[in-house]
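Thanks, everyone. Let me put the model on the screen and walk through it.

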Amino acid sequence: MKNTYSLLCFLFFTGTCLGQKKIDLEKQQIKHLISASFDEVFSDLNAKKMDKFYTVDFLLLEDGALWNRDSIANSFNETINATLKEKIIPRRINTIDFIDIKISKGMAWVVYQNNAIWKHETTIYGKAQWLESATAIRTKDGWKLQMLHSTYVKSKK
């Protein structure tokens, strides 16, 4: 009886630990997905990288505007064309502070602060901060973002 109880306790705690490790790994994957998507898509103004990070039906809700992959790509092209005339293309540098991540049944929900600066060499051209949430789904190719919701945070003076 004592051996059976010990075995059940061992199996329970081992299963709990393995389950927690899987959740921790998935949370790290979600953090990487968010950070890398901002670096590779928005910082580089590279719409071709959207397939790597976003589902086909991806939506971005930002300050009352609804964006899809096409409208984001068009915005990138306009920004690139405008900055080429100036011959200076500031680089967007993102700092993301994660607040919470929940994962259940192949879906993830994440909340984070997104801080960006636009910089070229030593000159800072702008700063912005957003409070954002995102949903991601597990696909055959790994985690992909399905929706971002972004609220601009006015700087406190």
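Start at Lys-105. Lys-105 sits in the loop between strand 3 (91–104) and strand 4 (107–120). Helices here are DSSP runs of H or I with at least four residues, strands are runs of E with at least two, and both are numbered from the N terminus. Lys-105 is not a glycine, yet its phi is positive, about 50 degrees. It is exposed, with a relative accessible area of 86%. The cut-offs: buried is under 20% relative accessible area, exposed is over 50%, partly exposed is in between, with a 1.4 Å probe and protein chains only.

Asp-63 also has a positive phi, about 45 degrees, and is not a glycine. Asp-63 lies in the loop between strand 1 and strand 2 (65–68).

A word on provenance. This is a predicted model: local features need pLDDT of at least 70, side-chain atom pairs count only at pLDDT 80 or more, and totals for chains, interfaces and linings use all residues. Residues are numbered from 1 along each chain as its sequence is written, and side-chain values use heavy atoms, with hydrogens and water left out.

Now the overall layout. The protein chain has 3 helices and 6 strands. From the N terminus, the order is α-α-β-β-α-β-β-β-β. Of its 157 residues, 29% count as buried. Met-50 counts as buried, at 2% relative accessibility. Met-50 belongs to helix 2 (residues 50–53). Met-50 and Arg-69 are 19 residues apart in sequence, and their C-alpha atoms are 7.5 Å apart.

Next, salt bridges. How many salt bridges does a search of the whole structure find? It finds 7. The criterion is a side-chain nitrogen of Lys or Arg within 4 Å of a carboxyl oxygen of Asp or Glu.

Take Glu-26 and Arg-138, bridged at 2.3 Å, N to O. Glu-26 is in helix 1 and Arg-138 is in strand 5, so this pair ties together parts 112 residues apart in sequence. Glu-26 is buried, at 6% relative accessible area. Arg-138 is partly exposed, at 40%.

Then Asp-44 and Arg-91, whose closest N and O atoms are also 2.3 Å apart. Asp-44 is in the loop between helix 1 and helix 2, and Arg-91 is in strand 3, so the pair ties together parts 47 residues apart in sequence. Asp-44 is partly exposed at 41%, and Arg-91 is partly exposed at 37%.

Lys-140 and Asp-141 form a salt bridge at 3.5 Å between the closest N and O atoms. Shared partners also join Glu-40, Lys-49 and Lys-52 into one salt-bridge network.

On to the largest pocket. Its space is about 410 Å³. A pocket is an open set of points on a 1 Å grid over the protein atoms alone, for a 1.4 Å probe, with protein on both sides within 12 Å along at least five of seven lines; lining residues have an atom within 4 Å of a point. There are 20 lining residues, and the closest to the centre are Phe-42, Leu-45, Phe-76, Arg-92 and Trp-118. Which element gives the most to the lining? Helix 3, with 5 residues.

Last, the surface. Leu-59, Leu-61 and Leu-66 form a nonpolar patch. Patch residues have over 30% relative accessible area and no salt bridge; nonpolar side chains (Val, Leu, Ile, Met, Phe, Trp, Tyr) are joined within 5 Å, like charges within 9 Å. Leu-59 is in strand 1 and is partly exposed, at 34%.

How values were computed. Points joined across faces, edges and corners; volume = space filled by probe spheres on them. Areas by Shrake-Rupley, 256 points an atom, 1.4 Å probe, with all protein chains shown as cover.
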